[in-house]
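Biologist: I'd like to go through this model with you and ask how you back up the words you use for it. Can we have it on screen?

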Amino acid sequence: DLDPARAADRLAAALRQHRGVRSAELIVRKPGKDDLVRILYGPDGPEVTFGELDYSFPNQVVSEVVGDGDDRVVRVELPVKDSFSHPVAAIRLEATLSEAERLGRSQGWIFAASTALAAVLVFLAFTFSLNRMLVRPLSALAGTVEGIESGAPDAAPVPGTARRDEIGTLARGIDAMLGRVRGFSRELQDR
């Protein structure tokens with residue numbers, strides 16, 4: 001047999017952690033009228049009342065959203081069944097959706113800020129990698145080509161010839177071309 005006062009204390013303790021719950025009812029099947037424990041959450045905390053009523057117990061969970069705007073609430077009826085799947089009690093909850101929506105908005109801002117921060121970090125990592133992999137080697141090659149263009153074919157060696165990528169291929173090509181130019185230059189000087 002269920003003690004209604006003890007049931008009310010346990011239900012109130014369980015729901016205390018859940019903001020937005022407006023009311024909770026526990027209806028226990030009894031011969032004749034069913035026992036009702038009602039907990040209303042107000043500004044002064046939970047108010048518990050006891051009563052009796054004729055109740056039609058649901059066989060499955062029933063939920064609905066009612067109201068408009070900030071007054072929207074979700075109502076849920078949960079059957080409590082015995083080992084033979086017969087309803088012996090029911091829990092009815094009513095919760096405001098404004099708290100859930102407020103929480104969703106704040107979590108949305110956190111998600112958006114996290115995504116933006118992650119995008120900035122990926123962009124910076126990509127820029128840093130691109131700088132190391134492409135910009136520096138190409139700038140060094142461009143400096144060598146500028147030195148050759150200004151009339152110093154015997155300038156410093158061509159950088160990047162040891163690389164195994166397209167920049168290395170380009171550097172080896174420039175180095176080979178420079179070797180040929182130096183060879184032609186020696187031939188002309190020898191004549």
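Biologist: Which strands each supply at least two residues of the lining of the largest pocket?

Modeller: Those are β1, β2, β4 (62–66), β5 (73–81) and β6 (87–96). Keep in mind that this is a predicted model.

Biologist: What residues line the largest pocket, and how much space lies in it?

Modeller: About 160 Å³ of space lies in there. The lining is made of S23, E25, R38, L40, V62, E64, R75, V76, E77, R92, L93 and E94.

Biologist: How many residues of each class are in that lining?

Modeller: Seven are charged, four are nonpolar and one is polar. Asp, Glu, Lys and Arg count as charged, and E25 and R38 are among the lining residues.

Biologist: Let's pick S23. Is S23 called buried or exposed, and why?

Modeller: Buried means under 20% relative accessible area. S23 has 12%, so it is buried. This serine lies in strand β1.

Biologist: What is S23 in contact with, leaving aside its neighbours within four places in sequence?

Modeller: S23 is in contact with I39, L40, Y41, R92, L93 and E94.

Biologist: I39 is on that list. Which residues does I39 touch, not counting those up to four places away in sequence?

Modeller: I39 touches A8, L11, A12, R22, S23, A24, P46, E47 and V48.

Biologist: What makes up the largest nonpolar core?

Modeller: There are 12 residues in all: A7, A8, L11, A12, L15, V21, A24, L26, V28, V37, I39 and A89. Two or more residues come from each of α1 (4–15), β1 (21–28) and β2 (34–42). α1 gives the most, with five residues. In soluble globular proteins, nonpolar side chains tend to be buried together.

Biologist: Now the rings. How many aromatic pairs does the structure hold?

Modeller: One.

Biologist: Why is the pair of Y55 and F57 called edge-to-face?

Modeller: Ring centres have to lie within 6.5 Å to pair, and planes over 60 degrees apart count as edge-to-face. For Y55 and F57, the centres are 4.8 Å apart and the planes are at 90°, so the pair is edge-to-face. Y55 and F57 are both buried.

Technical notes
Residues are numbered from 1 along each chain as its sequence is written. This is a predicted model: local features need pLDDT of at least 70, side-chain atom pairs count only at pLDDT 80 or more; totals for chains, interfaces and linings use all residues. Side-chain values use heavy atoms; hydrogens and water are left out. A nonpolar core is a set of buried Ala, Val, Leu, Ile, Met, Phe, Trp, Tyr and Cys residues joined through side-chain atoms within 4.5 Å. Buried means under 20% relative accessible area, exposed over 50%, partly exposed in between (1.4 Å probe, protein chains only). Helices (H or I, at least four residues) and strands (E, at least two) are DSSP runs, numbered from the N terminus. Contact means heavy atoms within 4.5 Å. Rings of Phe, Tyr and Trp (its six-membered ring) pair if their centres lie within 6.5 Å; planes under 30 degrees apart count as stacked, over 60 as edge-to-face and the rest as tilted. On a 1 Å grid over the protein atoms alone, a cavity is a set of points where a 1.4 Å probe fits but cannot get out, and a pocket is an open set with protein on both sides within 12 Å along at least five of seven lines; lining residues have an atom within 4 Å of a point. Grid points are joined across faces, edges and corners, and a volume is the space filled by probe spheres set on the points.
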